[in-house]
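Colleague: I would like to go through this structure feature by feature. Please give the general idea, then the case at hand.

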Amino acid sequence: MAETETLECITEHERILQEIESTDTACVGPTLRSIYDDQPNAHKRFMEKLDARIRNHDREIEKMCNFHHQGFVDAITELLKVRTDAEKLMGQVTDTNRRLQDAGREVTAQTHEVICCRIQQRNMVTTVEKLQLCIPVLEMYSKLKEQLETKRYYAALKTMEQLEKVYIPRVSKYRFCQIMAENLPRLREEIKEISMSDLKDFLESIRKHSDKVGEAAMRQAQQHRTFNSAIAKQVNLGHYTKPMYSLNGRTHTHNDLMFDEDIGDEDDADEGVLTAQDLVDFSPVYRCLHIYTVLGDRETFENYYRKQRKKQARLVLQPQANMHETVEGYRRYFNQIVGFFVVEDHILHSTQGLVTRAFTDELWNMALSKIIAVLRTHSSYCDDPDLVLELKNLIVIFADTLQDYGFTVNRLFDLLFEVRDQYNETLLKKWALVFREIFELDNYSPIPVETEEEYKLVVSRFPFHDAEIEKQEFPKKLPMSQSVPQIYTQVKELIYASLKFSESLHRSSTEIDDMLRKSTNLLLTRTLSSCLQNLIKKPHTGLTELVQIIINTTHLEQACRYLEEFITNITNVSPETVHTTRLYGLSTFKDARHAAEGEIYTKLNQKIDEFIQLADYEWGMAESDGRASGYLMDLINFLRSTFQVFTHLPGKVAQTACMSACKHLSTSLMQMLLDTELKQISMGAIQQFNLDVIQCELFASSEPVPGFQGDTLQLAFIDLRQLLDLFMVWDWSTYLADYGQPTCKYLRVNPATALALLEKMKDTSKKNNIFSQFRKNDRDKQKLIETVVKQLRSLVNGMSS
C-alpha cells in the first residue's frame, strides 16, 4: 500500500509541475494550494521533486550553451572586423551631410520666399472671394438707403427681405453684416411709421375733398338720368307738352331739366367725366397696405383703416345747424356722404380685402339711419315749397348715385313720401295765402265782359259754358266773380307743383295719379274749405257777398269734373280704374255753400232783429194810428231789395231764406207781444200790432221770391194771425168750444199764449177806467175776461198734467 501511495504522489507532483510550467504565474495559486491540501508533508516531497526538476533543466541549459558557444565567438570576431569599415562610412556620411547642408541652405531660403508668396496669393484669392460675397450685400444695402430716401418703401421692404433671406446669411460672420441685420427691424418700424403718417394725411385729404368727389359722382348720375329722360321723351314725342308751375314765378315745361343748376353745355358734356381716381391719389393706401402685408401686419392696418373710416363717417353724417335754410347746405351734406362712399367703393374694388362688402354695407346702414333722421328733422323746419322741392331733387340724385354704386336706397325713396307730405303741407300753407289774397281782392260781383276777346280769355281760364249767356249781346256779365277763374287756375297750378315732386320717384302712373288726386283733395277739403269758411264767417261779409259766394261755389263744384279730366290727361290713368281716388271737391263746395246759406239765414235774422229793436209801440194806446209802423215798413222794403238779389241763387236757397226770414219775423213779433217785461197791453195796441202783421202778410202774398205754391209763405204768420183774430173778434166762445178739434178755427193758438196776452189786457182794463165798474158793459166784459181766464187756466193745467 505504501508503494502504491508513493507512486500516486509522484504522479500527482509530475502533473502539478507540468501545470506550473504550462500555466501563467498569475494562476499558480490554486495549483500550489492543492499541494498543501493533500497528505501531510506532501509539500516536502514536492519541493524535492521541484529541486530535481530544476537541476534537470540546468543541465539542459548548460548543454545548449556549450553547443552554441563557438558560433558566438565567431560572430564577435566578425563584428570587430566590421567596426573599422563602419567608422570609415560614418566619416563619409558626415562629410556628405555637411556638403548637402551647405547646398540646401540657399534652396531653403528661396523655398520660404515661395511659400510666403503662395500664402499671400491664397489670401488674396480668399479676399476676392469674400469681397465678391460682400459687395452684393453692400450694393443691396445702398439700394435700400436710396429707396428709403426716394420714399419707395414697398421696394425697400422687398430689398430688406432679400438681404435677410439671401445676402446676409452668406456673410453673416462679419461685423458690418451683423450691424446691418440689427438695423433692418428699426428701418421696418420707420417705414411703418412713415407709411402710417402718409395714410393719415390721405384720410385727412379725402375728408376735405370728399365733397368734390361726391359732387362729380352726383353730376355724372344727373347727366345719366337727364340723358335717359331725353331718350324716353323722344320715344313719347307725340305727347303734348304741359306747362309747369314754378313757385318762384317762372314757368317751365315738363321737357325742361329738373335742376335749375347748370350741368354744362354740349362741349362740356363731350369731355370725360372725372372719377374718384382722377380726383384722389389712392397710392398712399395701396402703398401702406402693401407695406403692412409684407411686414405680416395686414390685420392691424385693416382694423386701423376701418376704425378711422367709421369715425370719418360719423363726422360726415353730422349736418350743419343751419343746413335747412338753403339748398346749398343740403347739397354739401349729400356731396360729402356720396364722396365718402364712392371712395369706399373704389377701395373695395381696387384692394383685396382692405374693406369688404359687409363692412361697406354696415357703414351704409348706419349712415342711412342717420341720414333719414337728419332729413326728417331738418325738412320739418322748412316752410318754403321751392326748397322742399329742391331737397327732393337732391335726394333723388343722391339715391340714384349711390344705387349705381350698389347701395340699397329703398328707405330713401320711402322717406320721399314723408318729404312729399311735408312738401304738400308747405304748398297748402302757400296756397292758403294765395286763396286769402284772392278772396280779399275779389269784388264779389259778376264778371263784366265787354268784348268777345275778354269772354274767350275768361273761358280759357275757367270751363264755363252757358247757352243763354253765350247768345246775349256784348257787353254782358258772367254769373261768377273774378275769384272763380283765379281759384280754378291756382288749383291747376298746385297740381303742376305736386306733379313736379312726383317726377323721378320711379313710381307708376297710377301711383302718380293717386298722389296728384290726394294733393288736390287736401287743397280742396282743407285749405280752400278753410279759407271759404273763414270768409263766410267774417263779420264784415255781407249778404251780397254771401250770395255771390254761393254762386261761386256752385260753379267751382261744376268745374271739379274738369279737374279730374285735367289730372287724367297728365297721368294717362283712366278714372274708371279700380283704385283711382275721386276728388272730394263736390262735398267741399257743398259744405261751403251750406255754410254760406246758413250764414245768410243768420245775417237776415240779425238784420230783422236790428229792425225789431227799432220798434217803439205805445202799448197803452186807446186807438191805433191807422197805418203800419215805420220800422216795419223799412224792414219790409229791406227784405224786398234783398230777395231781389237772391233771385240769382241756385235751387231753393232764395225760397228757404225768404221762408226763414218770415218765420223769424213772425217769431220775433210773437215774442214782442209775450215779453215778460211787458205787463199791460191795450186793445188799441193790439189793433196797431194787427196793422203791422197785415203788412207782413201782404209782403208774403206778394211773392218776394218766386217758386212758392199758394199761401205757403203766408203760413209763416198763421200763429200771429189766429191769435190777433181771436182778440180782435173776441171770439172766445168759439175758441173754447172748438179747442182740440182738428177743424178748430183757432187751431194755432196755444192756450198758454192766449192766457198770457189776455192777462195783460185784463190788467189794462182795470187801470184805464176807474169808473168801469159803474158801467154795465164794462162790468160784463170784465166778468167775461175773468171767466175766459179761468177756463184758459184750466186748459193750460190740463195740458201740463
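This is a predicted model: local features need pLDDT of at least 70, side-chain atom pairs count only at pLDDT 80 or more; totals for chains, interfaces and linings use all residues.

Modeller: Residues are numbered from 1 along each chain as its sequence is written, and side-chain values use heavy atoms, with hydrogens and water left out.

Colleague: How do α22 and α23 cross?

Modeller: Two packed helices are described by the angle between their axes and the distance between the axes. Helices here are DSSP runs (H or I, at least four residues), numbered from the N terminus. The axes of α22 (residues 653-673) and α23 (residues 683-701) come within 11 Å and cross at roughly 175°. That makes α22 roughly antiparallel to α23 (angles over 145 degrees count as such). Axes are lines fitted to C-alpha atoms over the stretch in contact, with angles from 0 to 180 degrees between N-to-C directions.

Colleague: Which residues of α22 and α23 meet?

Modeller: C662, L665, L669, M672 and L673 of α22 meet I686, F689, V693, C696 and F699 of α23. The residues of this contact (heavy atoms within 4.5 Å) divide into 10 nonpolar, no polar and no charged. Nonpolar covers Ala, Val, Leu, Ile, Met, Phe, Trp, Tyr, Cys and Pro; Asp, Glu, Lys and Arg are charged, and the others, Gly among them, polar.

Colleague: Is Y617 buried or exposed?

Modeller: Y617 is buried, at a relative accessible area of 11% (buried is under 20%, exposed over 50%, partly exposed in between, with a 1.4 Å probe and protein chains only). Y617 is found in the loop between α20 (585-613) and α21 (630-645). Beyond four places in sequence, Y617 touches residues including M672 and F689.

Colleague: What about Q655?

Modeller: Q655 lies in α22 and counts as buried at 18% relative accessibility.

Colleague: What span should α24 have?

Modeller: The expected span is 1.5 Å times one less than the number of residues. The 12 residues of α24 (residues 718-729) should span 16 Å, and the end C-alpha atoms are 16 Å apart, which agrees.

Colleague: Which backbone values stand out?

Modeller: Most residues other than glycine have a negative phi, and most peptide bonds are trans. Just after α24, W730 takes a positive phi of about 60°. Phi of K151 is near 65°. The peptide bond from F474 to P475 is cis, with omega near -5°.

Key:
Helices (H or I, at least four residues) and strands (E, at least two) are DSSP runs, numbered from the N terminus. Angles under 35 degrees count as roughly parallel, over 145 as roughly antiparallel, 65 to 115 as roughly perpendicular and the rest as oblique.
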